[in-house]
Amino acid sequence: MRQVTIRISVVNPNTTQSMTTLIEAEARRVAAPDTVVTGRTPAMGPASIESHYDEALAVPGLLQVVREDTEADAFVLACFGDPGLDAAREAASRPVIGIAEAAMKTASLLGRSFSVVTTLSRTVGRAWDLARVYGLERQCAGVHACDIPVLELEEDRDRTYAVILSFAKTAMAQDGSDAVVLGCAGMAGLPELLTAELGVPVVDGVAAATVMAEGIVRLGLQPSTHGELAPPPPKAYTGILAGFGRG
Ligand code: 2AL
């Protein structure tokens, strides 16, 4: 089944607009010319996501975006912790692709093993958790923190590039890997140069997830609603979450 115009909403689960702009530009760069790519920033949530606390509190805002966006054919969830990915799939009843899942699965198709270069060391455990959940524990050879906070990635792109390049080289040497996964949406746009310089595939999840989302829509496939991913049962929610109830 072919769609005429594919609409992809790229949701930045943090509330920093400049990061949404970066992510949207990268998604647009890799999407087909006639695909409509829209960056979305939640109305509530943390300015950046670099802890389990940030992740948990980013989820209501991103779910609100997904629930209210009835136009999108598919969503990209553009934070490397893939926060609320299963919940977004339940809520959307359209394809939702997380950037960590997209990047790790793409890297696993391109090399024997990959190294992840992430932001702060406190995000290393989450990346390992996801590699396990996605069944890629063997292919994920190491997770390395470059210790640049998420919002600082944008400040000096030359420095960001140089630091990530250096960490990627060390990671590959230590891990014996032959591909690199970038562990933050704020690293979008860097892989082309890094791939050329390192001579191995460097995968950014924003680009990978956008192309996957587009491909799945083109296949005419929707997420399964057969079991666990069926819309959540109707019930009341209270307090500041009252609007999230389904009735
Ligand atoms: C991220 C990301 O992709 N966006 C964000 O706010 N935090 N990931 C990370 N590893 O720090």
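C184 is buried, with a relative accessible area of 7%. Its sulfur lies 6.8 Å from the closest cysteine sulfur, in C79, which is too far for a bond. This is a predicted model. The chain holds eight helices and eight strands. Its radius of gyration is 17 Å, close to the 18 Å that the globule rule gives for 247 residues, so the chain is as compact as a globular protein of that length.

**Cysteines**

- The structure contains zero disulfides.
- C79 is in no disulfide, and the nearest cysteine sulfur, that of C184, is 6.8 Å away.
- A disulfide needs two cysteine sulfur atoms within 2.5 Å, so the 6.8 Å between the sulfurs of C184 and C79 is too far for a bond.
- C79 counts as buried because its relative accessibility is 11%, and buried means under 20%.

**The chain as a whole**

- Along the principal axes, the C-alpha atoms fill a box of roughly 55 × 40 × 35 Å.
- Of the 247 residues in the chain, 53% are buried.
- Take the contacts between residues at least 6 apart in sequence: 71% of them join residues at least 24 apart.
- The chain exposes about 11,300 Å². Carbon and sulfur atoms supply 55% of that area.
- There are 20 positive and 29 negative side chains. The centres of these two sets lie 5 Å apart.

**S9, in a strand**

- S9 sits in strand β1, which covers residues 7–11.
- Is S9 buried or exposed? S9 is buried, and its relative accessible area is 2%.

**Helix α3 and the loops on either side**

- D82 is in the loop between β3 (74–77) and α3.
- At 3% relative accessibility, D82 is buried.
- Helix α3 spans residues 85–92, and R89 lies in this helix.
- R89 also counts as buried, at 18% relative accessibility. The cut-off is under 20%, so 18% puts R89 in the buried class.
- Which residues does R89 touch, not counting those up to four places away in sequence? They are V96, I97, E101 and L229.
- S93 lies in the loop between α3 and β4 (96–98).
- S93 is partly exposed, with a relative accessibility of 39%.

- Most residues other than glycine have a negative phi.
- What is the phi of D82? It is near 45 degrees, a positive value in a residue other than glycine.
- The phi of S93 is near 45 degrees, again a positive value in a non-glycine residue.
- D82 is buried, at 3%, whereas S93 is partly exposed, at 39%.

- V124 is in helix α5, which runs over residues 124–133.
- V124 counts as buried, at 18% relative accessibility.
- V124 and H144 are 20 residues apart along the chain. Their C-alpha atoms are separated by 6.9 Å.
- Leaving aside neighbours within four places in sequence, V124 is in contact with T118, V143 and A145.
- Where is L136 found? L136 is in the loop between α5 and β6 (140–145).
- L136 is buried, with a relative accessibility of 6%.
- L136 and K105 are 31 residues apart along the chain, yet 7.8 Å separates their C-alpha atoms.
- K105 is also one of the residues in contact with L136. Apart from neighbours within four places in sequence, the contacts of L136 are M104, K105, S108, F114 and A131.

Definitions and conventions. Residues numbered from 1 in each chain as written. Predicted model: local features only at pLDDT ≥ 70, side-chain atom pairs only at ≥ 80, totals over all residues. Heavy atoms only, no water. Helix = DSSP H or I, 4+ residues; strand = E, 2+ residues; numbered from the N terminus. Rg over C-alpha atoms; globule rule 2.2 N^0.38 Å. Buried < 20%, exposed > 50% of the residue type's maximum accessible area, 1.4 Å probe, protein only. Contact = heavy atoms within 4.5 Å. Areas by Shrake-Rupley, 256 points an atom, 1.4 Å probe, with all protein chains shown as cover. Lys, Arg positive; Asp, Glu negative; His and termini not counted. Charge placed at Lys NZ, Arg CZ, Asp CG, Glu CD.
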